[in-house]
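Subject: The two-chain model, and what turned up in it

Hi,

Here is the structure I promised to pass on.

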Amino acid sequence: MTAIDVLSVYAVPQRRAGRLRSALADRLPLIAILLVQCALAYRLANTAFEDEALYAYAGHRELGHLLHGTPVGDTYAGFFSGIPMLYPVVAAVLDDAFGLEGVRAFSLLMMLGATALLWTTTRRLYGKPAAVIGSTLFATSAPTLFLGRLATYDAPSILLLALALWWTVRTAHRSPVLVMVAALPLVLACGVKYASGLYLPTVVLSAVLTVPAAGLSWPRGLLRGFLLAAATGGSAAIGLAVAGPDVRAGLSQTTVNRAAGAEPLVNIVRLSLVWGGWVFVLALVGVGFLLHRRRPWAPALLGALLAGTALLATIYQAHLGTSVSLHKHIGFGLLFAAPVAGAGLAGLSGLPAFRGARPLLRRAVPGVAVGTCGVLAFYAGHAAGPMYEGWPDSSGLVSAMRPLVHPGQDRYLVEEDEVPRYYLRDQSQPQQWLNTYFFQYGDASGHQLTDLPAYRAAIADRYFTLIVLDDGPTAALDKELTTTLRAPGSGYRLLATLPTETSHGEQDFTVWQRG
Amino acid sequence: MATVVETVLDEERPDPTSAPAAPDPRGRLARLLASRPDLVITALLVATVVLVQGLNIDNFPTVSDDEGTYLAQAWAIQHGKGLAHYSYWYDHPPLGWVQIAALSWIPALLWHGPLVVMHARVIMLPVSAAGTALVYLVARRIDLPRWAAALAAVVFGLSPLSVTMQREIYLDNFAAVWMLAAFACALSPRRHLWHHIAAGLCAAVAVLSKETMLIAAPALVMAVWRGTDKATRKFSLVGFAIAFATIGAQYLLYAVLKGELFPGPGHNSLIGALQYQLGRGGSGDILKSGSVSNLTLHWWLVRDPLLIYVGTAASLAALAVRRLREIAVAAVLLVAVAMRPNGYLPAMYVIQVIPFFALAIAGTADACVRGLLRLRLGAIGRLGWLGLGRWRLGPRDLVAVLAIGLAGLVAPQWEAGDETADTAYSNNEYVAAANWIRANVPDPAHRRIVVDDAMWLDTVKDGFQPGLGAIWFYKVDLDPAVTRTLPHGWRDLDYVVLTSIIRQDPNGLPTVRAAIAHSTTVATFGSGQQQITIQKVDHSGSGQ
């Protein structure tokens, strides 16, 4: 062994350590952003939201069916807006191991992953300053913070979309066939949450535009787009065929042919502006910088595509006439708009908006970006808080019900039964829980009743062991039921009134017990 | 020696060594911005302020009795009926509503429907535009950079309190603009004698528009002192004083010529009015909870707490900055007068303070920025530890962060306030009542209707006899010329339009109170505080 060989033994690890240090130093802004995202997300605290409780509970039932063959007890596929065998099962496994906080931590991990993927995607498209700013804008936005603390299938869907987008950008210079790999996360994203399909065209068009934007030929880009579209379409078709009629019915009912609401357009636009408006505005600025470049149109088209994607949720919900879940869906659009917004704000700060760009200012003022991100993060924190406090803290209710709930023949009528049913799942069966959305009851004469008459007849027959009302989504029905319960001889007594507070105001749980 | 012809030819002959001038590659706007940046910035600011203040100007805020009074007095001038729609009693110098009369062709051009007052507010847009431009000009003349001058104009024109008050037909708006013009002339960089004379003229017009503007006069004298060269200061000060006194004396002269300088039986007088104004009950201590002044302050704070708090603090701080001192003195004097115990503090008083607050805020911000830019951040600013080795944070970044942070905190509040001003409908009840009277009161030429001044012009337009048929409610009991025509008291009245203004103030008006007590409600519009009812007086003596 020569002296040079000896030295090289030591030299290699040193180089590796140096590379690691350098890589870490290079990604320090990302690490800082992820830490801030974690810290801001963990400021949000509440008991389970009804969707969280529903998905985790459904996952437990599906898991029980898979492992032990126990009946599921409900056709979740028929009304879930994602395949029940995907996210809910993962959530149930995590719930068994770590509880609800564990499932929420999984969501946060997904959103952190999305931020990291957005960083690397933006860096490839527009350079490091845009990556730092774009990731910060996404990580600290209200929908991102909210979804990072919500155990629903939105977070994994966003991660899968981010993964697909990153891959299409990552492989822009490589063989067009490689882009087909992105079909897997895309189809999976759509399976986890059907509404993710709204963003498939963006990813496919990105696969096309990233090629000419990188200075390569348009036909090559078009080929990539065709390959990705074909692979995604084929996989989705196979997936739908395998999934069965229940899933297709659920897809139709919850997403494709969802019942229209009557929410005014102004409200939907206003809420969209509050939750993602500034990122969209900055993305438009980014498009302006790209247009100013006066090079082939592809980079500007790609920027406009990504920026315009931020509008999809608003347009879709305006078409449906509802703002339900808008705050979550805005987050999907931000994933695409944030890179261009990063470029826009970088340009406004005098930093290069993209590689080779001429700065707007003679001397860079990164403080503009720092201040803007700080202000937007401040307001995002203020917007995410009321979102997360939009449902009542159910800990008092669950504590009050715990000694009264037993497996067997008892029936529990609870306005939003998903939450106590989830928390008390070890001491009750699914069929024991009923809610105020729909109820069918056969009276003594054998007539099948529905809605208010059914509830009244059941109360007269003292069918329910416990009744919990909270003037929530079925407040009008609650009022009628309360009158019935208060009437002398109803057979029920008011056990407790449990005051809670949400961002919409005070809300009381009233618990009635069969006398 | 070269001849004249040779010289001229040489001048005209192009230099063969120099290349032909390349066309300027910049666009027209860029060239204009480069050559006249202040003009472009001012135009943009004025356009923005006019847009925000002009939107929904007729519907918010609720029309006030004072607006109607000034407009009715302007109507009297236009129709050759004297200086007021009733006897002019020297309540204010008349130049304010003379200006309103001069501008009244603007709403007449645009609109002819019900409720004259709310649509006449469009008169105030050129006044606001002039005010915004003058604030920018004064800011530049006290050595503020463009961004600070623009900030002053934005505070002046876009604060929710400004948007609310500056769109109302108040004399204070005219006075404030003339006082700003006086400051602009006094601080003219050319230091020309005529500019200082113009400052005196403008100041006199300001005071004759609203007499309380006199409070800022010491600050203006300081500005003239600063704006003059030591060598010509005496001439400038004398010119300023003579101009001010010459115009100001016209008011006195008017009273003397009319024989109304001193109090006497059977006529109003300037000194009598002054005695009344000085002797009338104040509105209480501004800091004492429950006083009328305190309620007024509370109302200002509801519209924009930032302008009031930050403006007061900035005015005090600006006293310490030499180039801001005149502005600070004006603001502090106006604040001190507002805070005097048991003084009279009307809601519109704040209009006179707003321009000086705006300038003090912008000036203080500029002083802070200058201080921050001198800071050395050293190692703190290096971003190498964040993997951003190429960039470093300097004092400019600190300023940027602070500026964006403050803007981020203020802008949403202002946006909310201005959105209310631009979308709320506060005059629906008045419009409905005016329409009802037009459609349902027969033979108006021979009817007597008691209204507040916000509706007075409408009733005149409907055919009621000005003054004695359409009667401003105060005049029923307080003007002998009107009282003489009501020998049977309330029985001589036909209708009372009961608005919140009349409901607040019937105690000193026994005839109005009796008419209301002996009347029946024939129409009701709205509910709560804003409710308006049309009361038909029952001449037989019954009522509800």
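Below is what I found, going from whole chains down to single residues.

Before anything else, please keep in mind that this is a predicted model.

**Chain B as a whole**

Let's start with chain B, which has 544 residues, 44% of them buried. Its secondary structure consists of 26 helices and five strands. If you follow the C-alpha trace along its principal axes, it spans about 100 × 70 × 50 Å. Now take the contacts in chain B between residues at least 6 apart in sequence: 69% of these join residues at least 24 apart.

**Where the chains meet**

**Domains**

For chain A, domain 1 covers 7–388 and domain 2 covers 395–514. Their C-alpha centres are 39 Å apart. Twelve residues of domain 1 of chain A touch ten residues of domain 2 of chain A. Helix H3 (residues 50–68) of chain A contributes the most to the domain 1 side, with seven residues. Sorted by class, that domain 1 side has six nonpolar, three polar and three charged residues.

In chain B, domain 1 runs over 35–364 and domain 2 over 428–537. Here the C-alpha centres lie 32 Å from each other. The contact uses 17 residues from domain 1 of chain B and 20 residues from domain 2 of chain B. On the domain 1 side, helix H4 (65–78) and helix H7 (116–120) of chain B each supply at least two residues. Which helix has the largest share of that side? It is H4(B), with seven residues.

**Some helices to look at in chain B**

Find helix H17 (residues 305–318) of chain B. Its 14 residues should span 20 Å at 1.5 Å a residue, and the end C-alpha atoms are 19 Å apart, which agrees. Buried residues in H17(B) are Leu307(B), Ile308(B), Gly311(B), Ala314(B), Ser315(B) and Ala318(B). Notice the spacing of those numbers with this in mind: an α-helix has 3.6 residues a turn, so residues three or four places apart point the same way. What do the buried residues of H17(B) pack against? Their partners in chain B are helices H9 (146–158), H10 (160–166), H16 (292–303), H18 (325–338) and H19.

The axes of H19 (residues 350–373) and H20 (residues 395–423) of chain B come within 8 Å and cross at roughly 145 degrees. This crossing is right-handed. From H19(B), Val369(B), Leu372(B) and Leu373(B) meet Pro395(B), Arg396(B), Leu398(B) and Val399(B) of H20(B). By class, the contact has six nonpolar residues, no polar ones and one charged.

**A few single residues**

Val224(B) sits in helix H13 (residues 217–227) of chain B. Is Val224(B) buried or exposed? Buried, because 26 C-beta neighbours lie inside 10 Å. Leaving out residues up to four places away in sequence, Val224(B) touches Ala186(B), His196(B), Ala199(B), Ser236(B), Leu237(B) and Phe240(B).

Next come some backbone details. Most residues other than glycine have a negative phi, and most peptide bonds are trans. With that in mind, look at the peptide bond from Phe60(B) to Pro61(B): it is cis, with omega near -5 degrees. Pro61(B) belongs to the loop between helix H3 (37–54) and H4 of chain B.

Asp443(B) has a positive phi, near 50 degrees. It lies in the loop between helix H21 (428–440) and strand S1 (449–451) of chain B. Asp443(B) counts as exposed because it has 8 other C-beta atoms within 10 Å.

In chain A, Asp451(A) also has a positive phi, near 55 degrees. Asp451(A) is in helix H19 (residues 451–460) of chain A. With 15 C-beta neighbours inside 10 Å, Asp451(A) counts as partly exposed.

Happy exploring!

Notes
Residues numbered from 1 in each chain as written. Chains lettered and ligands numbered in written order. Predicted model: local features only at pLDDT ≥ 70, side-chain atom pairs only at ≥ 80, totals over all residues. Axes fitted to C-alpha atoms, helices over the stretch in contact; angles between N-to-C directions. Helix = DSSP H or I, 4+ residues; strand = E, 2+ residues; numbered from the N terminus. Left-handed = near helix turned anticlockwise from the far one by under 90°. Contact = placed C-beta atoms within 7 Å. Nonpolar A, V, L, I, M, F, W, Y, C, P; charged D, E, K, R; others polar. Expected span 1.5 Å × (residues − 1). Buried ≥ 20, exposed ≤ 12 C-beta atoms within 10 Å, placed from the backbone. Domains from an automatic or database assignment.
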